[in-house]
Structures are given as structure tokens and as C-alpha cells.
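Please open the model in your viewer and keep the sequence panel beside it.

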Amino acid sequence: MRSYYTHTLLFITLSLGLFGLFVGNICYGSIAIPAKEVLKSLLGQTASKDTWEYIILHYRLPKAITAVLVGMGLSMSGLLMQTLFRNPMAGPYVLGLSSGASLGVAFVILGAGFMPSFLIPLLLSNYGIVLASTIGSSSVLLLVLIVSQRLRDTMAILIIGLMFGSLTSAIVGTLTYFSSAEQLQKFTFWSLGNLGNLSWESVSILSLCVGIGLVLSAFSIKPLNALLLGENYAKSMGLNYNKARMIIIFATSILAGSITAFAGPIAFVGLAVPHIAKLTFQTSNHRVLYWSTLLFGAGIMLVCDIFTQVPGTEVSLPINAVTSILGAPVVIWLLVRKQKMMG
């Protein structure tokens with residue numbers, strides 16, 4: 001258990017590190033931009049070159065903000081699910097939201113040949129894909145909420161979420177079997193995740209959705225701490241368990257669903273970051289974990305986004321590949337280190 005002063009020092013370090021990573025993320029790319037010019041643009045001044053100004057304000061700044069929102073949202077939803085289900089392997093997509101979003105997008109991309117020709121350009125646009133993803137994840141959310149009203153066993157909800165995921169994956173698999181190479185390529189690109197295609201309007205909508213999810217998560221801090229010792233203990237403390245569970249599920253759904261809709265299904269972050277926060281701060285208190293998870297999630301996504309850019313080229317790697325390649329060894333190392341310290 002770390003002391004209050006150690007936690008404060010860690011929070012200050014993480015906050016400063018996050019600011020540095022945010023600026024560094026905007027600086028780095030196929031065209032390097034000096035940090036001084038980035039700071040000038042962020043403070044409302046004009047950069048020395050018009051091209052730098054355009055790149056910063058219309059491409060790299062919205063991408064960096066998206067990375068922060070995605071990292072915070074997925075990490076927080078992972079923390080909520082791991083505490084609710086008391087399962088360290090639970091992640092933001094455990095309720096089947098990602099599979100639902102994938103199904104919606106698969107119907108649009110892979111099933112385009114079965115739709116009226118005048119609708120195809122609209123449906124295959126960025127907003128059409130976002131809408132399809134939102135409808136898919138919202139449909140699964142609605143089913144999960146209906147089921148959770150009728151079931152008292154939380155683990156049963158987890159199993160049903162996994163079953164929804166398996167069902168939708170089977171339908172997506174069937175659609176891919178009958179699709180053309182071009183359709184499969186487009187669907188594969190979406191499933192690998194992307195932080196860089198969002199307009200300022202899309203970033204604003206995503207910010208609103210993530211903000212709502214994080215506020216609901218903040219209101220769930222006390223119930224989450226009560227749930228650490230089990231459902232019966234939480235009820236004995238006067239917690240309205242069904243209401244708390246519903247809010248936690250709804251918060252997770254808003255966070256994971258909106259992020260999947262705008263950025264695609266991004267793996268690993270939601271599963272790993274809560275563990276990194278717990279191991280670093282050595283606490284299970286959600287008053288501490290709430291903020292540490294947000295800072296770690298945003299920072300790790302910014303680092304992963306930096307590594308998507310291949311140095312000296314205009315080639316960008318898929319964000320999903322980078323999150324897993326960079327993140328998995330870190331978590332393995334932290335868990336091994338924790339085991340040695342306990343031993």
C-alpha cells in the first residue's frame with residue numbers, strides 16, 4: 001500500500017508525462033514539427049509555416065485528442081467490468097458490444113451487394129459506417145440491459161454477453177464467406193482500428209459520449225469499492241445492487257460503444273491498463289484507480305499512436321497491432337515483478 005504522498009507524486013509525474021506525450025504525438029509524423037511550433041498553435045498563435053498550421057489543426061490535434069479519449073474510455077470501461085464481474089480477464093467488450101458493432105459494419109460493408117444501388121455511397125461513407133456500428137452495439141446493449149433486469153446472477157450476464165459475441169461473430173463469418181476481396185479488405189481495415197480519420201465534428205460527438213460515460217463511472221466509485229468484497233457485502237452496506245449494476249453496465253456500453261463506432265474495435269488497452277494502474281499504485285481503492293486509469297490509458301494510447309508511424313516514411317501501422325505488441329510484454333513483466341515481490 002503506497003502512502004498519500006507517493007500517490008500525489010505519481011499523479012503529478014503521470015500528468016506531466018501525459019502533457020509531454022500529447023505534444024510529442026503532435027510533433028511526430030512523416031513531417032516532423034518542432035515542439036515550439038506545436039505549443040504556439042495550441043496556445044492560439046500562428047505557426048511559422050502554413051503547412052505546419054494546417055497539419056496540426058486539421059489532422060494531428062484531432063488525432064491526439066481521439067487517442068486520449070479512446071485510451072481513457074476503454075481503460076475505464078475495462079476497470080468497471082473487472083470490478084463488477086470480479087474477473088481480471090474482463091474487458092470493455094465482454095458484453096458483446098464490439099461484436100455487435102462489427103455485425104452492424106459487416107452488414108453495411110459486406111452486405112452492400114444486397115442493398116439498393118442509390119444507398120450504397122451513403123452507407124459506405126464514414127458516417128454510414130459509424131451509424132451502422134452504433135446501431136449494432138446499441139442493439140446488443142439493449143438486449144443485455146433487458147436480460148440484466150431479469151437475472152440476479154451477475155456471472156450469468158457475463159456468459160450471455162459472451163454468447164451474444166459468439167452469435168454475432170458467426171453471422172459476420174457467414175457474411176465474409178460470401179464477400180468479395182474488396183469488401184473483405186475494407187472490413188479488415190475497419191476492424192484494425194483507426195484514430196486518424198475523425199473530423200472535428202466527430203471528435204466533438206465522441207467527446208460528449210466519453211464524457212457522459214466517465215461521469216457515470218465517477219458516480220460509481222463508491223459502489224465499486226463496496227463490490228470489491230462481494231455482492232452480499234455490498235448489499236449489507238446498503239447498496240442498491242441492481243441500480244449500481246445497471247449504471248456500471250450503461251457507462252461501459254456508452255464508452256466502449258461510442259469508441260468502437262468512431263475508432264473501430266481497439267484491443268488490449270481496456271484489459272491491460274487497469275492492471276498497470278493497480279500494480280503501479282498498489283491499491284484497490286477506486287478513488288485512486290479512477291484517475292490513475294484515466295492517465296495511464298490516455299498516455300499509453302498516445303505512445304501506441306506514436307509507434308504506428310514508421311520512422312522516415314508515410315507508412316502507418318494499424319493501431320490494434322501496436323497496442324498488443326507494445327502492451328502485452330509490459331503487463332507480463334509487471335505481473336512477474338509483482339509475483340517476485342510477493343514471494
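**First stop: α13 and α14**

Select helix α13 (residues 269-281) and helix α14 (residues 286-308), which pack at an angle of about 125° with their axes 9 Å apart. This is a predicted model, in which local features need pLDDT of at least 70 and side-chain atom pairs count only at pLDDT 80 or more, while totals for chains, interfaces and linings use all residues. Residues are numbered from 1 along each chain as its sequence is written, and side-chain values use heavy atoms, with hydrogens and water left out.

Because angles under 35 degrees count as roughly parallel, over 145 as roughly antiparallel, 65 to 115 as roughly perpendicular and the rest as oblique, α13 and α14 are oblique to each other. Next, show the side chains in contact (heavy atoms within 4.5 Å): α13 contributes, among others, Val273, Ile276 and Phe281, and α14 contributes residues including Leu289, Phe296 and Met301. By class, this contact has 11 nonpolar, four polar and one charged residues.

**Second stop: the annotated spans**

Residues 155-178 are 96% helix and 0% strand, with end C-alpha atoms 36 Å apart, and for residues 198-219 the values are 91% helix, 0% strand and 29 Å.

Technical notes: Axes are lines fitted to C-alpha atoms, for helices over the stretch in contact, and angles run from 0 to 180 degrees between N-to-C directions. Helices (H or I, at least four residues) and strands (E, at least two) are DSSP runs, numbered from the N terminus. Ala, Val, Leu, Ile, Met, Phe, Trp, Tyr, Cys and Pro count as nonpolar, Asp, Glu, Lys and Arg as charged, and the others, Gly among them, as polar.
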